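These notebook entries record what I looked up, step by step. I kept each entry brief.

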Amino acid sequence: MALPALGLLGAVTTTDALTFALAAAVIVSGAVGVVVARNPVHAALMLVMTLFGVAVLFVEQQADFLAAVQVIVYAGAIVVLFLFVIMFLGVDRQENVAREPLLGQRPLALVLVALALAGLFVLAVGAHWSVGAHAVAGKTQGSGGDVAALGKSVFTTYLFAFEITSALLVIAVVGAVVLARRPGGAAGVPPSGEADAEATGADAGPEASDPFAQPGPITAEDPDPVPGAGELAHEEAAP
Amino acid sequence: MSLGGAWYLGLAAVVFSIGALGLLVRRNVLVMFMCVELMLNAANLTFVTFARMLGDIGGQSLVFFTLVVAAAEVVVGLGIVVAMFRRRRGATADDFHVLRG
């Protein structure tokens with residue numbers, strides 16, 4: 001048996017073929033757009049396009065729950081997080097594509113990826129496909145459709161993995177909070193000097209206008225700091 | 001019935017390659033993250049296709065876990081980018097050279 005194609009074009013309705021062709025076109029053009037777009041905001045919107053196309057293909061393959069989750073979690077949460085960070089940092093300007101730090105990296109990457117893709121297709125066509133036993137973890141379509149089957153599978157067969165997943169999410173949240181804290185910020189011990197800068201009330205204005213300014217004076221863990229608002233206020237307060 | 005699984009697998013391979021190419025070519029860390037998401041989505045499509053071909057719900061369960069891991073990865077990765085940007089005022093991969101030992 002070469003490819004388990006199950007009849008490459010036999011017994012397929014025109015609607016199904018058309019849906020696949022349309023979704024595939026949307027997915028591939030969106031993926032190319034992510035790579036090609038100079039502006040990160042455009043890249044994020046192209047990513048949304050690809051994610052919707054993949055959701056359509058999930059529906060086409062009777063994975064309705066995953067299609068909904070794909071739209072809600074990926075397009076609704078992850079891409080919005082991307083856009084939020086892009087606009088928060090203000091990096092939505094054009095990238096300088098002409099500058100190439102590593103000489104010849106891009107042609108080499110193109111050649112390597114093309115080679116890998118060709119190898120993948122050659123392997124897929126030529127290899128002997130061993131498909132193994134069917135329905136080890138449960139049927140895809142029981143009574144109640146794929147939602148019931150998926151829920152039963154996740155909460156019985158993969159229960160331990162599901163519990164580990166919750167631990168992973170908690171770790172990720174804690175990590176994000178720790179990363180987002182300013183060094184020597186409000187949550188930690190205030191460095192000396194921030195107190196008298198606060199006493200003058202002078203650092204409220206500049207800190208509000210520049211959210212990335214380091215509050216407080218230069219500490220040992222800031223080898224390359226932005227000129228801090230607290231420091232300027234401190235100098236003003238000295239005379 | 002849907003098209004044969006080979007079509008879906010081929011499409012997933014193409015999308016994965018495009019994501020890998022973007023990861024190698026682009027310099028913007030945020031766009032590189034998006035390319036990682038592309039590769040994860042291609043893997044998800046493969047899982048769902050195999051779940052249909054084998055009639056096994058295990059593939060769809062794996063996609064469920066992949067989604068969770070992708071969300072956690074994005075949260076931590078973007079946190080690192082924000083922390084980096086606060087210090088270096090840049091979001092390209094070259095700005096991360098301070099991590100060199």
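**Entry 1: Chain B**

I began with chain B, which has three helices and zero strands. I noted that the model is a predicted one. Read from the N terminus, the elements of chain B follow the order α-α-α.

I then looked up the dimensions. Along the principal axes, the C-alpha atoms of chain B fill a box of roughly 55 × 25 × 25 Å. The radius of gyration of chain B is 17 Å, whereas a compact globule of 101 residues would have one near 13 Å.

I also recorded burial: 58% of the 101 residues in chain B are buried. Among the contacts in chain B with a separation of 6 or more, 46% join residues 24 or more positions apart.

**Entry 2: Chain A**

For chain A I found nine helices and zero strands. From the N terminus on, I wrote its elements down as α-α-α-α-α-α-α-α-α. Of the 239 residues in chain A, buried residues make up 23%. Residues 24 or more positions apart account for 51% of the contacts in chain A with a separation of 6 or more.

**Entry 3: Where the chains meet**

**Entry 4: The largest nonpolar core**

Next I examined the largest nonpolar core, which holds 68 residues. Which of its residues touch the most other members? They are V34(A), V15(B), L30(B) and M34(B). Both chains take part: helix 1, helix 2, helix 3 and helix 5 of chain A each supply at least two residues of this core, as do helix 1 (5-25), helix 2 (29-54) and helix 3 (58-88) of chain B. I noted that helix 2 of chain B gives the largest share of this core, 15 residues.

**Entry 5: Helix 5 of chain A**

I then took up helix 5 of chain A, which has 13 residues. From its first C-alpha to its last, helix 5 of chain A reaches 18 Å, close to the 18 Å expected at 1.5 Å a residue.

Which residues are buried in helix 5 of chain A? I listed D146(A), A149(A), L150(A) and S153(A). These residues lie on the same side of helix 5 of chain A, because they cover an arc of only 95° around the axis. The face turned away from this buried side carries the exposed residues F155(A) and T156(A). I also looked up what covers the buried residues of helix 5 of chain A, and found that the cover includes helix 3 of chain A together with helix 3 of chain B.

**Entry 6: One residue, T165(A)**

My last entry concerns T165(A), which lies in helix 6 of chain A. Is T165(A) buried, exposed or partly exposed? T165(A) counts as partly exposed because it has 18 C-beta neighbours inside 10 Å; a residue is buried at 20 or more and exposed at 12 or fewer.

Leaving aside neighbours within four places in sequence, I found T165(A) in contact with F65(B) and V68(B). I also checked T165(A) against L120(A): the two are 45 residues apart in sequence and 31 Å apart in space, C-alpha to C-alpha.

Key: Residues numbered from 1 in each chain as written. Chains lettered and ligands numbered in written order. Predicted model: local features only at pLDDT ≥ 70, side-chain atom pairs only at ≥ 80, totals over all residues. Core = buried A, V, L, I, M, F, W, Y, C linked by C-beta atoms within 7 Å. Helix = DSSP H or I, 4+ residues; strand = E, 2+ residues; numbered from the N terminus. Expected span 1.5 Å × (residues − 1). Arc of directions from axis to C-beta. Contact = placed C-beta atoms within 7 Å. Rg over C-alpha atoms; globule rule 2.2 N^0.38 Å.
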